[in-house]
Amino acid sequence: MQALSRKLMLAIASLLIPVVLADVGIADPSVFKTHIDKTVSVANLVQQTGSKGSRRLERVSRLSQPLGIAVDNATGKLYWTDSGTHKIYSANIDGKGQEIVVPWTPNPRGIAVDKGKIYWTDSGNHQIHRVNADGSGREILVSGLSAPQGIAICIAAGKLFWTDTGTHQIYRANLNGSGRQILIRWSHSPRGIAIDSVGRKLYWIDSGSHQIRRSNLDGSGNQVFVKWVPNPQGIAVDDVGGKIYWTDSGTHQIHRANLDGSGSESLVKWAYNPRGIAVDSVGGKIYWTDSRTHQIYRADLDGSLLEVLIGSLENNINLSAAFIGWKWKAVVTPSLSTVDSIRESTSGRPSSGETKLNNPGESRMPDNRNNPSRSPLRILPHKKFYNGASQAFWPHSQTKR
């Protein structure tokens, strides 16, 4: 009986998925290709944007817990750590050409890259490692650490910097790992770290004190840079443009400010759980990881033209229902344990350059329908499934259109 019920659900999914995709913003549902077996697997998802019908390919891959991220401007490569798959990956800066660089590392956190070398911290084996960009020549630079997190390198100074939340300290060493010394003797919970190589400053996240701090590269001049940030995570410096960027999983936003601390602004008004962030000053882009959506995003330096660069719709796609436009429609949802929202443009139709999204959300997600300046997206009612038994959730009131 259970097998028959499952086959029936899959048959319904195969019939209704094209209808749903057309209703939530994919003009040509035939581009949504699925293989229906025991689960519905997603091959590619192409979304139509703009009035001219230009299309964006959303590449789907198995990201689990993407954390640290780095850009190598010299080679046009993007690198990131994934503590869920215990791997380090690379891709072109357009998201294509994804490869596994390091097939196994227990709990990779921060990552930095320069001069054909990749550096990363691993809080699982309490070490800092280095490898060539092609994955060869792996070596242990520093061992016997507590809980290393963020990492940054300064080629001009020939130094490696990292934070450790276990010892509440910040360290530096030579690029080969020798000459280790304590740089900052106390920081409540230091995490992300970045270098301003032009101004010769060190910036880091202290999530324990809810601050961003900075010092000189020798540790002197330790001072508060941003006095209050709810839950800061990653940090990156654009020393060419004179800007500093950081992620905040407390406000679910991406922020930036001038390197003198002035001009603080919110660039991305909503990000689920943003973690690491990197700046491509040459290409004029920022990149960040999100451990809640299991995706990597990018946008212009001012936060515009946001897109999913490397995304995951998970392996198992389940069928649930949502109330869209006052009609019941079938909706593809990533998992049995998450609340999924259908998000659409407040204008109802995408304008030129605007993309309709259908991403997993949370019932706690703020409703910005009446405050469009905060978000261009509106939350619609949705359903949640618990092991086949559905329960309706209505997090926000909905006025009939």
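Is Tyr-203 buried or exposed? Tyr-203 is buried, because its relative accessibility is 1% (buried is under 20% relative accessible area, exposed over 50%, partly exposed in between, with a 1.4 Å probe and protein chains only). The model is predicted: local features need pLDDT of at least 70, side-chain atom pairs count only at pLDDT 80 or more, and totals for chains, interfaces and linings use all residues. Residues are numbered from 1 along each chain as its sequence is written, and side-chain values use heavy atoms, with hydrogens and water left out.

**View 1. The four-stranded open sheet.** Strands S16, S17, S18 and S19 line up in that order, with antiparallel pairing. Strands (E, at least two residues) are DSSP runs, numbered from the N terminus; two of them pair if DSSP finds at least two bridges between them. S16 (190-196) and S19 are the edge strands, each pairing on one side only. From one strand to the next, the twist averages 30 degrees (axes are lines fitted to C-alpha atoms; angles run from 0 to 180 degrees between N-to-C directions). Six of the seven residues of S16 are buried, so S16 is largely enclosed by the rest of the structure.

**View 2. Strand S17 and its partners.** Five bridges pair S16 with S17 in the antiparallel sense. Asp-196 faces Lys-201 of S17. The hairpin of S16 and S17 has four residues between the strands, and there Arg-200 takes a positive phi near 55 degrees. S17 also runs antiparallel to S18 (residues 211-216), joined by six bridges. Ile-205 stands opposite Ile-212 in S18.

**View 3. Aromatic pairs.** There are five aromatic pairs in the structure (rings of Phe, Tyr and Trp, the last by its six-membered ring, with centres within 6.5 Å; planes under 30 degrees apart are stacked, over 60 edge-to-face, the rest tilted). Trp-162 and Tyr-171 are stacked, at 5.5 Å centre to centre and 10 degrees between the planes. Both Trp-162 and Tyr-171 are buried. Tyr-203 and Phe-225 are edge-to-face, because their ring centres lie 5.2 Å apart with planes at 85 degrees. Tyr-203 is in S17 (residues 201-206) and Phe-225 in S19 (residues 223-226), so this pair ties together parts 22 residues apart in sequence. Phe-225 is buried, with a relative accessible area of 12%.

**View 4. Ser-83 in its loop.** Ser-83 sits in the loop between strand S5 (77-82) and strand S6 (87-92). Ser-83 counts as buried because its relative accessibility is 15%. Leaving aside residues up to four places away in sequence, Ser-83 touches Gln-65, Leu-67, Pro-106, Asn-107, Pro-108 and Arg-109 (contact means heavy atoms within 4.5 Å).
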